[in-house]
Amino acid sequence: MRDVRTVLPRVFTLLALGLLAALTFPRLAAAECADIPIAVAGPMTGDWAVYGEEMRRGAKLAADDINAKGGIGGCKLALTVLDDQGTPDTAVAIAKTVGRDRVRFVVGHYNSGASIPASQIYAKNNTLMVSPASTNPALTEFKLWNVARTAGRDDVQGAFAAGYMADHFPQRNLAIVSDGTPYGDGLADKARKALRAKGHPEKLATKVRYDQTNLGDLIGKMKAAKIEIVFFAGLGDQLGALIRQTDEAGLHVQFISGDASMVRDLTERAGPAVEGTLIVFSPEDRSNPAAKDVVARFRSEGFEPEAYTLKSYAAVQVIAGGITMAGVQAPRLVAAAIRSGKPIPTVLGDLTFDAKGDRREPDVAMYVWTKQANGGFSLEPVK
């Protein structure tokens, strides 16, 4: 064992020299700062690749913008894009790989069914995950230390949709249909509970498979129950098929759905019967004054920053803001800083997060598919 009387003076000398170097050569210290690995994980291929592209675009521009301003304390963000194909198994495999590669910050995933199991692996591997799209309440109800999201929650969406249906269609026969995914079941359950609390229970509650294309059995049940309003908790491609097939069967109902039905090709899938379909989604992010410059830059590149683009940009800002507030890159301390309730400036405006990692600011509005003078359809906010 070495004599501490000889070791301590050397330690203090080295500390003093280190401090002097940091004060004398700040540019050199910044230049030598190691990159901060950050991954964006989502469906880059497959049925939901359009959303993966929005996530990739949003996260990349945010990282580029932060790096252009000197990074975080001189450390640059090094972004990696990972394809989970929208499946839970692939998301879990990615989470394990990310842990082995010591990537401590992830923007992702898109599907709640992928985010929920992946988040548990990330928690064990000391990785913070910020989802721009997963809205199932269970994601944050597990009370893991490492989860936050820039999107809202299904229970807020479900309660909002239920309130709208109860207020606008108080005497109409309601059906609640889930696609059987964690997202669909969660959204349907919240809407059902909220409707019953308002004294307006559904007349039909049923499920379809998320990949089911022939919906004749469901339409038969709707006819038998004389359904007039359908709340569909599922994905847009299936909603489009349901709208079209219901119309072709001569049954004309009012459709309402959640954020996963916010797809560009819904009008092609549904046909003219899409007119009047109501969609619950977040307020138009592109209209936020804080996003004006970023939106303009996306458009100058020929890309329209729809749906999850700006939420992904904001997710990177939230991670960067957490690191800045914590003063270190330690994921647990960064997560605690994000959940402290202190505002973090983003393209969505200032965001604050509760102790579970949910944003406190409301993130819900109603939209309607409206026929235009040129014969096309556009999604417009309900005033």
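Residues are numbered from 1 along each chain as its sequence is written, and side-chain values use heavy atoms, with hydrogens and water left out. Because the model is predicted, local features need pLDDT of at least 70 and side-chain atom pairs count only at pLDDT 80 or more, while totals for chains, interfaces and linings use all residues.

## Helix packing

Two packed helices are described by the angle between their axes and the distance between the axes. Helices (H or I, at least four residues) and strands (E, at least two) are DSSP runs, numbered from the N terminus. Axes are lines fitted to C-alpha atoms, for helices over the stretch in contact, and angles run from 0 to 180 degrees between N-to-C directions.

| Helix pair | Angle between axes | Axis distance |
|---|---|---|
| α3 (residues 49-68) and α12 (residues 292-300) | about 115° | 12 Å |
| α3 and α13 (residues 309-326) | roughly 40° | within 7 Å |
| α4 (residues 88-100) and α5 (residues 112-124) | roughly 25° | within 8 Å |

Angles under 35 degrees count as roughly parallel, over 145 as roughly antiparallel, 65 to 115 as roughly perpendicular and the rest as oblique.

Helix α3 and helix α12 pack at an angle of about 115°, which makes α3 roughly perpendicular to α12. The crossing of these two helices is right-handed, a term for the near helix being turned clockwise from the far one by less than a right angle (left-handed if anticlockwise). R57, G58, L61 and D65 of α3 meet V294, R297 and F298 of α12, where contact means heavy atoms within 4.5 Å. By class, this contact of α3 with α12 has three nonpolar, one polar and three charged residues. In this scheme Ala, Val, Leu, Ile, Met, Phe, Trp, Tyr, Cys and Pro count as nonpolar, Asp, Glu, Lys and Arg as charged, and the others, Gly among them, as polar.

With α13, the axis of α3 crosses at roughly 40°, and the two helices are therefore oblique to each other. Their crossing is right-handed. On the α3 side the contact includes E54, M55, G58 and L61, and on the α13 side it is made by T309, S312, Y313, V316 and A320. The residues of the contact of α3 with α13 divide into nine nonpolar, three polar and two charged.

The axes of α4 and α5 cross at roughly 25°, which makes α4 roughly parallel to α5. Helix α4 passes α5 in a right-handed crossing. P88, A91, V92, I94, A95, K96 and V98 of α4 make this contact with G113, A114, P117, A118, I121 and Y122 of α5. Eleven nonpolar residues, one polar and one charged form the contact of α4 with α5.

## Backbone features

Q85 lies in the loop between β2 (77-83) and α4. Its phi is near 60°, a positive value in a residue other than glycine. A cis peptide bond, with omega about -5°, joins G108 and H109. H109 is placed in the loop between β3 (105-108) and α5.
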